[in-house]
Amino acid sequence: MVALVDGATPALDASLGNIFTLAATGDQTIAVPTNATNGQKIIIRHLASGGARTLALNTGAGGFRFGTDITALTATSSGKTDYIGCIYSSIDSFWDVVAVTKGF
């Protein structure tokens with residue numbers, strides 16, 4: 001597991017692993033991940049520390065995109081962890097958000 005640095009826009013280097021953890025003390029936006037490989041799968045574990053926290057994903061070029069089943073992320077309850085699963089497509093240059101599980 002790779003710990004992301006808590007801050008307004010945490011950086012995510014996909015070459016460092018496949019499971020990334022973020023203990024968030026505020027609302028944050030994950031930066032466009034770097035060093036992705038086609039077909040790579042990642043999981044982001046988002047822990048809301050000290051209150052409910054909203055995690056956003058950068059949707060710019062090379063960033064994340066949502067489909068019709070999962071259209072956005074909702075706030076993570078205080079003290080709980082949400083899991084976000086993504087798969088990278090080099091054809092489209094996006095991380096497709098394919099799973100969200102809440103409340104652990």
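Two strands are said to pair if DSSP finds at least two bridges between them, and the strands themselves are DSSP runs of E of at least two residues, just as helices are runs of H or I of at least four residues, numbered from the N terminus. The structure is a predicted model, in which local features need pLDDT of at least 70 and side-chain atom pairs count only at pLDDT 80 or more, while totals for chains, interfaces and linings use all residues. Residues are numbered from 1 along each chain as its sequence is written, and side-chain values use heavy atoms, with hydrogens and water left out.

**Exercise 1. State the secondary-structure content of the protein chain and give the order of strands in its open sheet of six strands.**

Solution. Begin with the inventory: the protein chain has eight strands and zero helices. Read from the N terminus, the elements therefore run β-β-β-β-β-β-β-β. The open sheet of six strands has the order β1-β2-β4-β7-β8-β6, with mixed pairing. Its edge strands are β1 (2-3) and β6 (64-65), each of which pairs on one side only.

**Exercise 2. Determine the sense of pairing of β4 with β2 and with β7, and of β7 with β8.**

Solution. Strands of a sheet pair through backbone hydrogen bonds, either parallel or antiparallel. Take β2 (residues 19-24) and β4 first: they run parallel and are joined by six bridges. Within this pair, T21 has R45 of β4 as its bridge partner. Proceed to β4 and β7, which pair in the antiparallel sense over seven bridges. Here H46 is bridged to D82 in β7. Finally, β7 and β8 are antiparallel, with seven bridges, and Y83 has T101 of β8 as its bridge partner.

**Exercise 3. Assign the residues of β4 to its covered and uncovered faces.**

Solution. For β4, the covered face holds I42, I44, H46 and A48. The uncovered face holds K41, I43, R45 and L47.

**Exercise 4. Classify Q40, L73, N35 and S93 as buried, partly exposed or exposed.**

Solution. Apply the cut-offs: buried means under 20% relative accessible area, exposed over 50%, and partly exposed in between (1.4 Å probe, protein chains only).

- Q40, in the loop between β3 and β4, has a relative accessible area of 10% and is therefore buried.
- L73, in the loop between β6 and β7, has 18% and is likewise buried.
- N35 lies in the loop between β3 (28-30) and β4 (41-48); at 49%, N35 is partly exposed.
- S93 lies in the loop between β7 (81-89) and β8 (94-101); at 33%, S93 is partly exposed.

N35 has a positive phi of about 60 degrees although it is not a glycine. S93, also a residue other than glycine, has a positive phi near 60 degrees.

**Exercise 5. Describe the overall dimensions and burial of the protein chain.**

Solution. The radius of gyration is taken over C-alpha atoms, and the globule rule is 2.2 Å times the number of residues to the power 0.38. For 104 residues a compact globule would have a radius near 13 Å, and the protein chain has 13 Å, which agrees. The C-alpha atoms fill a box of roughly 40 × 30 × 20 Å along the principal axes. Buried residues make up 37% of the 104 residues.
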